[in-house]
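Here is a quick tour for anyone meeting this structure for the first time. Have a look at it below, then read on.

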Amino acid sequence: MAAPRSFLWTRRIFLTLLTGFVLLPVYVMVSSSLKPLQDVTGKFRWLPSELTIRPYIDIWSTVPLAKYFVNSLIVAGAATVCSVVIAVFSAYAVSRYDFPGKRVFSVTVLSTQMFPGILFLLPLFLIYVNIGNATGIALFGSRGGLILTYLTFSLPFSIWMLIGYFDSVPRDLDEAALVDGCGPLRALFQVVVPAAIPGIVAVAVYAFMTAWGEVLFASVMTNETTRTLAVGLQGYSTLNDVYWNQIMAASLVVSVPVVAGFLLLQRYLVAGLTAGAVK
């Protein structure tokens, strides 16, 4: 049965308005990044009076953006790798083996998502400072401390998500690998992990995006040397002026890795987010 014409037109109008609502901020960012500062701070214009790429050049000298970029790559990359590796082993153990406290572990992992992140800010700060005073290991103000901080957010969700995904992988694959002479680890890496690539990719994307755009903990747990992009963008706002065109340009530049990675891994991400939901 064909849909009524009124429904088709309503859908087209709604989708057009929704597309405009989504793309309007992007257009404002792009156009503002190509304007001189006086055009951005003056009366708003839909079309720039003068196009310039100067903001894209100045963003690297106004603040040490390249250093912040490297810090973000190291922190987000390390947090992603650690989260995926630990989550794979933990989720596989929960999915395939029975052990004392299994249910308590699963419930605890899931319950950590109920608490707001800001609740952990002061405890982590005190823990890092006390560890530094007692052992000399500088976690506060270091990349390592920030990586551990991000693991407290991404790891529980990653484990919980991969448990559901591993449960959807038939156990017959593991048993067939064991019959063929594979040990548990070999069966995991040669049989189960290849079958779970979409779920692992989804977990990796989540962990990376969580670390890449986080502001609260990065603003407290870092210093001038270890500052990340999300905090470093505040450097374009000074006591005397706010370089709005450079803020827009820098925001677009730092979004490129996330957008490019999402587009490249989109098919894995969608499959990974849905495959473990239905068994």
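What pLDDT does the chain average, and what share of the residues score at least 70? This is a predicted model, and its chain averages a pLDDT of 85, with 94% of the residues scoring at least 70.

Helix α4 (residues 65-96) comes out highest, at a mean of 92. At the other end of the scale sits helix α14 (residues 266-275), where the mean is 59, the lowest in the chain.

## What the record says

An unreviewed UniProt entry lists "transmembrane region" for residues 12-30, 68-92, 104-127, 147-166, 187-209 and 243-265. UniProt also places the feature "domain: ABC transmembrane type-1" at residues 69-265, again in an unreviewed entry.

How do those stretches look in the model? Residues 147-166 are 100% helix and 0% strand, with end C-alpha atoms 26 Å apart. Residues 104-127 are 62% helix and 0% strand, and there the end C-alpha atoms are 25 Å apart.

## Helix α7 and its partner α5

Helix α7 covers residues 143-168, and helix α5 covers residues 102-111. The two pack at an angle of about 125°, with their axes 8 Å apart. At that angle, α5 and α7 are therefore oblique to each other. The crossing of α5 past α7 is left-handed.

Who does the touching? From α5 come Phe-105, Val-109 and Leu-110, while α7 brings Pro-156, Ile-159 and Trp-160. This contact has 6 nonpolar residues, with no polar and no charged ones.

## Helix α7 and its partner α10

Helix α7 also packs with helix α10 (residues 197-213), at an angle of about 165° and with the axes 10 Å apart. An angle over 145 degrees counts as roughly antiparallel, so α7 is roughly antiparallel to α10. Here α7 passes α10 in a right-handed crossing.

On the α7 side, the contact uses Tyr-150, Phe-153, Ser-154, Phe-157, Ser-158, Met-161, Leu-162 and Tyr-165. Facing them in α10 are Pro-198, Gly-199, Ile-200, Ala-202, Val-203, Tyr-206, Ala-207 and Ala-211.

## Helices α8 and α9

Which way does α8 cross α9, left-handed or right-handed? The crossing is right-handed. Helix α8 spans residues 171-179 and helix α9 spans residues 184-195; they pack at an angle of about 125°, with their axes 9 Å apart. That angle makes α8 and α9 oblique to each other.

Leu-173, Asp-174, Ala-177 and Leu-178 of α8 meet Pro-184, Ala-187, Val-191 and Val-192 of α9. By class, the contact of α8 with α9 includes 7 nonpolar residues, no polar ones and 1 charged.

How values were computed
Residues are numbered from 1 along each chain as its sequence is written. This is a predicted model: local features need pLDDT of at least 70, side-chain atom pairs count only at pLDDT 80 or more; totals for chains, interfaces and linings use all residues. Side-chain values use heavy atoms; hydrogens and water are left out. UniProt positions are given in the numbering used here, feature names are shortened, and annotations may be inferred rather than shown by experiment. Helices (H or I, at least four residues) and strands (E, at least two) are DSSP runs, numbered from the N terminus. Axes are lines fitted to C-alpha atoms, for helices over the stretch in contact, and angles run from 0 to 180 degrees between N-to-C directions. Angles under 35 degrees count as roughly parallel, over 145 as roughly antiparallel, 65 to 115 as roughly perpendicular and the rest as oblique. A crossing is left-handed if the near helix is turned anticlockwise from the far one by less than a right angle, and right-handed if clockwise. Contact means heavy atoms within 4.5 Å. Ala, Val, Leu, Ile, Met, Phe, Trp, Tyr, Cys and Pro count as nonpolar, Asp, Glu, Lys and Arg as charged, and the others, Gly among them, as polar. pLDDT is the predictor's confidence in each residue, from 0 to 100.
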